Amino acid sequence: MGLTKFLLALYLVGLTLPHVSVAKNGHRHFLDGHNKARAEVGVPPLVWNNTLAAYARNYANKRIPDCKMVESDPDGPYGECLAEGYGDFKAADVVKGWVSEKQYYDHKSNKCVGGECGHYTQVVWRDTKYLGCARAKCNNGWMFVTCNYFPSGNYYGESPY
């Protein structure tokens, strides 16, 4: 009887191990990167939203067969940033990539100069309050990542902060 309990306990501990590796990609890692960038420009931090996370998860799962970088709903109610990468492609690395576009954003002219900056401006959009993100491993081995924002940002002619 003692051996059975031990093996059951070992099995249950084993079930928790995948959650430990996923922890590096949990919502806190998405939030921390976003909120650090937002603090640098003086806009309020984002709050994790489970509805947005479920929306992101549903869409990420739809991309598993092809991993195409296609917006979920260009006319929808949410802002969105997409990324794909190979290997673990950690949440912190994804957000760091989007925030690295800051170098191309000229606040004075409110334009992207010399490169893309739309991911960055969505990350720091002053009126956005909520965030939800998800990751999915595609059939081609790549990782697809999506973050959704509400209210959305990147309105033409408006400054993000």
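**Asn154 and the segment after β6**

I looked up Asn154 to begin with: at 37% relative accessibility it counts as partly exposed. My cut-offs are under 20% relative accessible area for buried, over 50% for exposed, and partly exposed in between (1.4 Å probe, protein chains only). Asn154 lies in the segment after β6. Its phi is near 60°, a positive value in a residue other than glycine.

I note that this is a predicted model, in which local features need pLDDT of at least 70 and side-chain atom pairs count only at pLDDT 80 or more, while totals for chains, interfaces and linings use all residues. Residues are numbered from 1 along each chain as its sequence is written, and side-chain values use heavy atoms, with hydrogens and water left out.

I then checked Pro151, also placed in the segment after β6 (142–150). The peptide bond from Phe150 to Pro151 is cis, with omega near -15°. Asn110 was next on my list for phi: the value is near 55°, positive in a residue other than glycine. I found Asn110 in the loop between β3 (105–106) and β4 (111–112). With a relative accessible area of 25%, Asn110 is partly exposed. For background, most residues other than glycine have a negative phi, and most peptide bonds are trans.

**Overall layout**

I counted elements as DSSP runs, numbered from the N terminus: helices are H or I with at least four residues, strands are E with at least two. The protein has five helices and six strands. From the N terminus on, the order is α-α-β-α-β-α-β-β-α-β-β. Of the 161 residues, 37% count as buried. Contact here means heavy atoms within 4.5 Å. Among contacts between residues at least 6 apart in sequence, 68% join residues at least 24 apart.

Thr121 sits in helix α5 (residues 118–123). I logged it as buried, with a relative accessible area of 7%. Leaving out residues up to four places away in sequence, Thr121 touches Tyr105, Asn154 and Pro160. The C-alpha atoms of Thr121 and Lys102 are separated by 7.9 Å, with the two residues 19 apart along the chain.

Arg63 is in the loop between α3 and β2. It is buried too, at 14% relative accessible area. With the exclusion of residues up to four places away in sequence, Arg63 touches Lys68, Cys138 and Phe144.

**Aromatic rings**

I paired rings of Phe, Tyr and Trp (its six-membered ring) with centres within 6.5 Å; planes under 30 degrees apart are stacked, over 60 edge-to-face, the rest tilted. The count comes to seven aromatic pairs. One of them is Tyr55 with Tyr78, edge-to-face at 4.9 Å centre to centre and 75° between the planes. This pair links distant parts of the chain, 23 residues apart: Tyr55 is in helix α3 (residues 50–62), Tyr78 in the loop between α3 and β2 (79–86). Tyr55 is partly exposed at 26%, and Tyr78 is partly exposed at 24%. Tyr55, Tyr78 and Phe150 form one aromatic cluster.

**Helices α2 and α4**

The axes of α2 (residues 27–40) and α4 (residues 91–99) come within 8 Å and cross at roughly 25°. I fitted axes as lines to C-alpha atoms, for helices over the stretch in contact, with angles from 0 to 180 degrees between N-to-C directions. The crossing makes α2 roughly parallel to α4 (under 35 degrees; over 145 is roughly antiparallel, 65 to 115 roughly perpendicular, the rest oblique). In α2, His29, Phe30, Gly33, His34 and Ala37 meet Ala91, Ala92, Val95, Trp98 and Val99 of α4.
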